[in-house]
Amino acid sequence: MIRFFCLWVLLTSPVTFAELTELESRISEIARQKKDSAIALLEEVVNINSGTMNHAGVKAVGDVFRRELDRLGFTTHWHDMSTVNRSGHLFAENQGSGVCQLLIGHLDTVFEQNSAFQQFTRLADKATGPGVNDMKGGDVVIIKALETLADAGVLDYSRYIVAFTGDEEKSGSPKSVSRGHLLEAAEQCDLALGFEYAKGLDSAAVARRGSSGWSVEVSGKRAHSSLIFRDGVGSGAIFEAARILTGFHEQVRGEQYLSFNPGMIAGGTKVDHKAVLNSAQAFGKSNVIAQTVVIQGGLRTISRKQERRARQAMKTIVENGSLPGTSAVIRFSDGYPAMSPSQGNMALFNVLDAVSLDLGYGAMIPGDPGQRGAADVSFVADYVDAIDGIGAEGNGAHTLNESIDLATLPLLIERAALLMYRLSQHRGIR
Ligand SMILES: [Zn+2]
């Protein structure tokens, strides 16, 4: 009886690591001792406001992480982004060789200096604060995983490029400038790991939808309302806008992973539209046929192909079948590209899954791309195999209730460190 019991304990106890090598067990043990220092680092960076447009704050958070990476022997560089009205990015690289791993985080949050949400507050194994989850927690996972590998003496078994962007939440334009350094790093690397917040411990993203924008401008003939629908006068801009939106709703809707949303509409005799501010002011009278309408919307797609198809379908609806006396144009703007599902991404995911199983944390499942928005990893996904969503675990990203589960933080550091180590041993992952 006792012998069976001991065997059962041996096989199921999380500290036995039957599938881990001696070195891997050491990595895992070191990682799990990082909890207190990880929380202290998180508290330090969360208490510095780094709303995207607080350029000095974003740089100050970058300076803290730079200090940590310098300490680990990385060569660090701050790329100023003032030409695109953003703070800048922190990039760092170690001396290692072999598989090149691009580790992606961001320094900024959606909480600007005027937000009511500014402080790190700890309640037992939970903490709230701006960016604890999205994604200063994930940044800390990167730093502490690298520190773990350094402590275990295996940091230089791989080449790591750390990319902490300063404008993920509201990226600067043109993207060729604001994402130039990220793309350059991707071209040198074999794979990318995005540490955006996790959607549960057992899930990681192998695909994310891209997001872009569209706007429609409709023109009609201004006339007395008693003449509406008459020859030479027509239906007016507002009815035409309704036709277009109904067309989108009825003919473009329904494809898996495709979504589009008109977020703002204004129409009347006169519309003062400020696109950068997402605002418009309209004037119109019930006895005058509307002359103009503007609509601003967003589009989310799983691939460039789907994006092209949706754009074409929307364009066809706008340009064909206009109501009498009206015309309309649709314009599309590029945002974040999609990270499409691929075999390479799945191969990376499978390594993560094995790590999780060997650590005794159970099997992983690829997250539903429909549940995930765009992120920086999407910019590099055309160049390298990538997974994302292996950062902090918490709730309420982008809300005043944003929180992180501190109990899972050491496990996530442990998992990331072991994943990075195993990938350093991999050849031919591409
Ligand atoms: Zn984020």
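Biologist: Which elements do the buried residues of α2 pack against?

Modeller: They pack against α5 (132-151) and α12. The model is a predicted one, in which local features need pLDDT of at least 70, side-chain atom pairs count only at pLDDT 80 or more, and totals for chains, interfaces and linings use all residues. Residues are numbered from 1 along each chain as its sequence is written. Packing here rests on contacts (two residues whose C-beta atoms, placed from the backbone, lie within 7 Å).

Biologist: What makes a stretch a helix or a strand, and how many of each does the protein have?

Modeller: Helices are DSSP runs of H or I with at least four residues, strands are runs of E with at least two, and both are numbered from the N terminus. On that basis the protein has twelve helices and 18 strands.

Biologist: Which residues of α2 are buried, and why can they be said to line one face of the helix?

Modeller: Helix α2 covers residues 22-32, and its buried residues are Glu24, Ile27, Ser28 and Ala31. A residue is called buried if 20 or more other C-beta atoms lie within 10 Å of its own, exposed if 12 or fewer, and partly exposed in between, with C-beta atoms placed from the backbone. Viewed down the axis of α2, the buried residues fall within an arc of 95 degrees, and they therefore line one face; the arc is that of the directions from the helix axis to the C-beta atoms. An α-helix has 3.6 residues a turn, so residues three or four places apart point the same way. Glu22 and Leu23, which are exposed, are carried on the face of α2 turned away from the buried side.

Biologist: How do you know whether α3 and α12 are parallel or perpendicular?

Modeller: Helix α3 (residues 35-46) packs with α12 at an angle of about 105 degrees, and the axes are 9 Å apart. Each axis is a line fitted to C-alpha atoms, for helices over the stretch in contact, and the angle, from 0 to 180 degrees, is taken between N-to-C directions. Angles under 35 degrees count as roughly parallel, over 145 as roughly antiparallel, 65 to 115 as roughly perpendicular and the rest as oblique. The pair is therefore roughly perpendicular.

Biologist: Which residues of α3 and α12 meet, and how many of them are nonpolar, polar or charged?

Modeller: Lys35, Ala38 and Ile39 of α3 meet Leu409, Pro410 and Ile413 of α12. This contact has five nonpolar residues, no polar ones and one charged residue. In this scheme Ala, Val, Leu, Ile, Met, Phe, Trp, Tyr, Cys and Pro are nonpolar, Asp, Glu, Lys and Arg are charged, and the others, Gly among them, are polar.

Biologist: What makes a set of residues a nonpolar core, and which residues of the largest one touch the most other members?

Modeller: Such a core is a set of buried Ala, Val, Leu, Ile, Met, Phe, Trp, Tyr and Cys residues joined through C-beta atoms within 7 Å. The largest has 89 residues, of which Leu102, Val162, Ala163, Ala192, Val380, Ile387 and Ala417 touch the most other members. Helix α12 (residues 409-425) gives the most to this core, with eleven residues. Apart from it lies another core, of 26 residues, including Phe248 and Val293.

Biologist: Beyond its neighbours within four places in sequence, what is Ala192 in contact with?

Modeller: Ala192 is in contact with Leu102, Ile104, Ala186, Val377, Val380, Val384 and Ala386.

Biologist: How do you know whether Asp190 and Asn85 count as buried or exposed?

Modeller: Asp190 has 21 C-beta neighbours inside 10 Å and therefore counts as buried. This residue is in the loop between α7 (180-188) and β7 (191-194), and its C-alpha lies 5.9 Å from that of Val384, 194 residues away in sequence. Asn85 has 12 such neighbours and so counts as exposed. Its loop runs between β1 (75-80) and β2 (88-93), and its phi is near 55 degrees, a positive value in a residue other than glycine.

Biologist: What makes His398 partly exposed?

Modeller: His398 has 15 other C-beta atoms within 10 Å, so it falls in the intermediate class. Its phi, near 70 degrees, is also positive in a residue other than glycine.

Biologist: Which omega values are found for the cis peptide bonds from Asp134 to Met135 and between Ser173 and Pro174?

Modeller: Omega is near -10 degrees for Asp134 to Met135, and about 0 degrees for Ser173 and Pro174. Met135 is in helix α5, whereas Pro174 is in the loop between β6 (159-165) and α6 (175-178).
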